[in-house]
Amino acid sequence: MDYIKNDYQTILSRREAQEEGSYTCYLFEQGIDKILKKVGEESTEMVIAAKNGVKEDTVGEICDLIYHTLVMMAQQGITPEDVEAELERRARKTGNLKEFHQVDKNS
């Protein structure tokens with residue numbers, strides 16, 4: 001999680017600095033629609049890479065998805081600590097396997 005927190009801080013600093021030529025700044029300038037489009041594209045590319053079974057490609061796409069998700073989080077004011085807290089809350093839950101299967105059936 002340290003790498004993600006560090007990357008998130010870099011994204012925040014790029015947003016504040018408005019560095020010319022920065023892809024991160026470009027995404028913030030374009031706004032939420034562009035950011036979410038990239039999250040969607042990277043999600044799809046990750047799924048395709050995983051389906052193709054090439055580990056290196058899948059890892060690369062996961063990294064792209066994490067980066068664009070972090071940009072979206074920064075734009076929305078969501079911190080890695082917010083996500084970590086939710087993951088910890090979920091880790092304490094037990095006995096909800098049936099609920100997960102019901103969600104899968106409905107989607």
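Start inside the protein, at its largest nonpolar core, which has 14 residues. Six of them touch the most other members: Y8, I11, F28, I35, V71 and A74. Two or more residues of this core come from each of α1 (2–17), α2 (23–30), α3 (32–52) and α4. The largest share belongs to α4, with seven residues. This is a predicted model.

Look next at F28. Setting aside neighbours within four places in sequence, F28 is in contact with I11, R15, I35, V71, A74 and Q75. Among these partners, I11, I35, V71 and A74 are also on the list of core residues that touch the most other members.

Now step back to the fold. The protein has six helices and zero strands. Along the sequence, the pattern reads α-α-α-α-α-α. Take the contacts between residues at least 6 apart in sequence: 61% of them join residues at least 24 apart. The protein has 107 residues, and 25% of these count as buried.

The accessible surface comes to about 7,700 Å². Carbon and sulfur atoms account for 53% of that surface. One nonpolar patch covers about 220 Å² and is made by I78, V83 and L87. I78 lies in the loop between α4 (55–76) and α5 (80–92). Is I78 buried, exposed or partly exposed? I78 counts as partly exposed, because its relative accessibility is 32%. The partly exposed class runs between the buried limit, under 20%, and the exposed limit, over 50%.

How values were computed
Residues are numbered from 1 along each chain as its sequence is written. This is a predicted model: local features need pLDDT of at least 70, side-chain atom pairs count only at pLDDT 80 or more; totals for chains, interfaces and linings use all residues. Side-chain values use heavy atoms; hydrogens and water are left out. Patches are made of residues with over 30% relative accessible area and no salt bridge: like charges are joined within 9 Å, nonpolar side chains (Val, Leu, Ile, Met, Phe, Trp, Tyr) within 5 Å. Accessible areas come from the Shrake-Rupley method with a 1.4 Å probe; for residues, only the protein chains shown count as cover. A salt bridge is a side-chain nitrogen of Lys or Arg within 4 Å of a carboxyl oxygen of Asp or Glu. Helices (H or I, at least four residues) and strands (E, at least two) are DSSP runs, numbered from the N terminus. Buried means under 20% relative accessible area, exposed over 50%, partly exposed in between (1.4 Å probe, protein chains only). Contact means heavy atoms within 4.5 Å. A nonpolar core is a set of buried Ala, Val, Leu, Ile, Met, Phe, Trp, Tyr and Cys residues joined through side-chain atoms within 4.5 Å.
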